[in-house]
Amino acid sequence: MGLWIVYIAALLIIPIWAQMKVKKAYRQYSKVSNSSGMSGAEVAKKILHENGIFDVDVEPVKGQLSDHYDPKAKVVRLSEDNYYGTSVAGQAVAAHEVGHAIQDAEDYAFLRFRHSLVPAANLGSNLSFFLILAGVLFRASGLLLIGIVFMSAAVLFQLVTLPVEFNASNRAMHQIVSTGIIRNDEEKETRKVLDAAALTYVAAALVAVLELVRFVYMYFLMNEE
């Protein structure tokens, strides 16, 4: 019983803790102006052009921390605060999203692999819950196993996301340093924003793996009965 309490607590606490960390870091450094005076949009465009990428647009999008790179539309979308603002947090986020655009331009293997997993991951996310629930309710190990297989695709997507995101952050740091966008004393602050954001992906992957392990354990218990 004690282990189950720890397990459930971990599922609830880990994602909340990660979200709190990224929001705290973003809130703190969104109030700190960067030394270059460049907006997030200007940072994004400068890095894109420095890397010979001219077919990717940069657009504002509503919402906080809604920043992302759309590989189909070839657009880096930055939340309005980051697009127009000149904060340390904004330039870090902008550089990170451009990191994904550079990955796309260079045909980065893990990014391609993640894109190929999208259909299976979406299907797994939508169907696995119902299959697993049916398997548990009706004591049908076959249904449970099929649900686990579908869920595995979604978990694999989460795991492959980790190297994609860490690589984008590393590219972001390299780009804003090599292009002279930030001073040396800003590197630590920028890294804090990027590291905090990475925690959310680590937390999501960890929770996904824990859930998968739990259902695999249930499957083996069911077959032992």
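**View 1. The second largest pocket holds about 290 Å³ of space.** This is a predicted model, in which local features need pLDDT of at least 70 and side-chain atom pairs count only at pLDDT 80 or more, while totals for chains, interfaces and linings use all residues. Residues are numbered from 1 along each chain as its sequence is written, and side-chain values use heavy atoms, with hydrogens and water left out. A pocket here is an open set of points on a 1 Å grid over the protein atoms alone, where a 1.4 Å probe fits, with protein on both sides within 12 Å along at least five of seven lines; lining residues have an atom within 4 Å of a point. Grid points are joined across faces, edges and corners, and the volume is the space filled by probe spheres set on them. The lining has 14 residues, and those nearest the centre are Ser 128, Phe 129, Met 151, Glu 211 and Phe 215. Two or more residues each come from H5, H6 and H7, with H5 giving the most, 7 residues. Helices (H or I, at least four residues) and strands (E, at least two) are DSSP runs, numbered from the N terminus. By class, this lining has 9 nonpolar, 4 polar and 1 charged residues; Ala, Val, Leu, Ile, Met, Phe, Trp, Tyr, Cys and Pro count as nonpolar, Asp, Glu, Lys and Arg as charged, and the others, Gly among them, as polar.

View 2. Helices H1 (2-29), H4 (88-105), H5 (109-137), H6 (141-178) and H7 (187-224) give two or more residues each, as does strand E2 (68-70). H7 gives the most, with 6 residues. Sorted by class, the lining of the largest pocket has 16 nonpolar, 6 polar and 5 charged residues.

**View 3. Helix H4 is mostly covered, with 17 of its 18 residues buried.** Buried means under 20% relative accessible area, exposed over 50%, and partly exposed in between (1.4 Å probe, protein chains only). The expected span of a helix is 1.5 Å times one less than its number of residues, so the 18 residues of H4 should span 26 Å, in agreement with end C-alpha atoms that are 26 Å apart. After H4 comes Asp 107, with a positive phi near 60 degrees.

**View 4. Ser 87 sits in the loop between helix H3 (80-84) and H4.** With a relative accessible area of 8%, Ser 87 is buried. A polar atom of the Ser 87 side chain lies 2.9 Å from the backbone nitrogen of Gly 90. Neighbours within four places in sequence aside, Ser 87 is in contact (heavy atoms within 4.5 Å) with Tyr 29, Ser 30, Val 32, Ser 33 and Asn 34.

**View 5. Asn 82 belongs to helix H3.** Its relative accessibility is 0%, so Asn 82 counts as buried. The side chains of Asn 82 and Tyr 26 are joined by a polar contact of 2.8 Å. Such a contact is a pair of N or O atoms within 3.5 Å; within protein, one must be able to donate a hydrogen and the other to accept it, and residues adjacent in sequence count only if both atoms are side-chain atoms. Not counting residues up to four places away in sequence, Asn 82 touches several residues, including Asp 67, Ala 89 and Val 93.

**View 6. Gly 37 lies in the loop between H1 and helix H2 (40-50).** At 45% relative accessibility, Gly 37 is partly exposed. Beyond four places in sequence, Gly 37 touches Glu 42 and Thr 86.
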